[in-house]
Amino acid sequence: MDKIELEKAKEQKITKILDYDKSEGVNSFALNGNLAWLDKDTRVGLVNSLQIEKAAGRVSTELWLNGVMYSLPIDHVLQMLVVLELYAKDCYNVTQQHIANVKMLDDLNRVWNYDYTKGYPKRPVFEV
């Protein structure tokens, strides 16, 4: 077995894992049947904004996703963000485990055949 070829295959598989981690297959949730995603910075910013709105006495807010506005109760959006944050954390753990698994492989065929799409949590689904 060519050690250089094995290491190159591992690097390529890890790149595929990271690409999949950034894809809609992982980074998405459904709201009323429409797929969307909020990155970490957006989620954190929304939590801060929603807490300010709530402190100011507001009970509902506007959430924009893919050009569509949803008027929702602030508490509902905050709960959605909790679910999304936990989902994102769980997905991160799965991605990191896949990377660690690939790094430990010592057989080229096992690297090529490694299924990095398994083990991710179910995409969150919200209906409002």
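The exercises below work through local geometry in a predicted model.

Residues are numbered from 1 along each chain as its sequence is written. Local features need pLDDT of at least 70 and side-chain atom pairs count only at pLDDT 80 or more, whereas totals for chains, interfaces and linings use all residues; side-chain values use heavy atoms, leaving out hydrogens and water.

**Exercise 1. Describe the surroundings of Ser28.**

Step 1: Ser28 is in the loop between helix 1 (3–21) and strand 1 (29–31). Helices (H or I, at least four residues) and strands (E, at least two) are DSSP runs, numbered from the N terminus.

Step 2: classify its accessibility. Ser28 has a relative accessible area of 1%, so it is buried. Buried means under 20% relative accessible area, exposed over 50%, and partly exposed in between, with a 1.4 Å probe and protein chains only.

Step 3: list its polar partners. A polar atom of the Ser28 side chain lies 2.6 Å from the backbone oxygen of Glu24. The side chains of Ser28 and Arg123 are joined by a polar contact of 2.7 Å. A polar contact is a pair of N or O atoms within 3.5 Å; within protein, one must be able to donate a hydrogen and the other to accept it, and residues adjacent in sequence count only if both atoms are side-chain atoms.

Step 4: list the contacts (heavy atoms within 4.5 Å). Leaving aside residues up to four places away in sequence, Ser28 touches Leu35, Ala36, Trp37, Tyr87, Arg123 and Pro124.

**Exercise 2. Classify the ring pairs of Phe29 with Trp37 and with Phe126.**

Step 1: state the criteria. Rings of Phe, Tyr and Trp (its six-membered ring) pair if their centres lie within 6.5 Å; planes under 30 degrees apart count as stacked, over 60 as edge-to-face and the rest as tilted. The structure holds five aromatic pairs.

Step 2: apply them. For Phe29 and Trp37 the centres are 6.5 Å apart and the planes at 55°, so this pair is tilted. For Phe29 and Phe126 the centres are 5.8 Å apart and the planes at 75°, so this pair is edge-to-face.

Step 3: Phe29 belongs to strand 1 and Phe126 to strand 5 (residues 125–126), so their pair ties together parts that are 97 residues apart in sequence.

Step 4: Phe29 is buried at 0% relative accessible area, and Phe126 is buried at 11%. Trp37, at 24%, is partly exposed.

Step 5: Ring pairs link Phe29, Trp37, Tyr87 and Phe126.

**Exercise 3. Locate Val68 relative to Asn34.**

Step 1: Val68 is in strand 4 (residues 68–73). Step 2: its relative accessible area is 38%, so Val68 is partly exposed. Step 3: Val68 and Asn34 are 34 residues apart in sequence, with a C-alpha to C-alpha separation of 9.9 Å.
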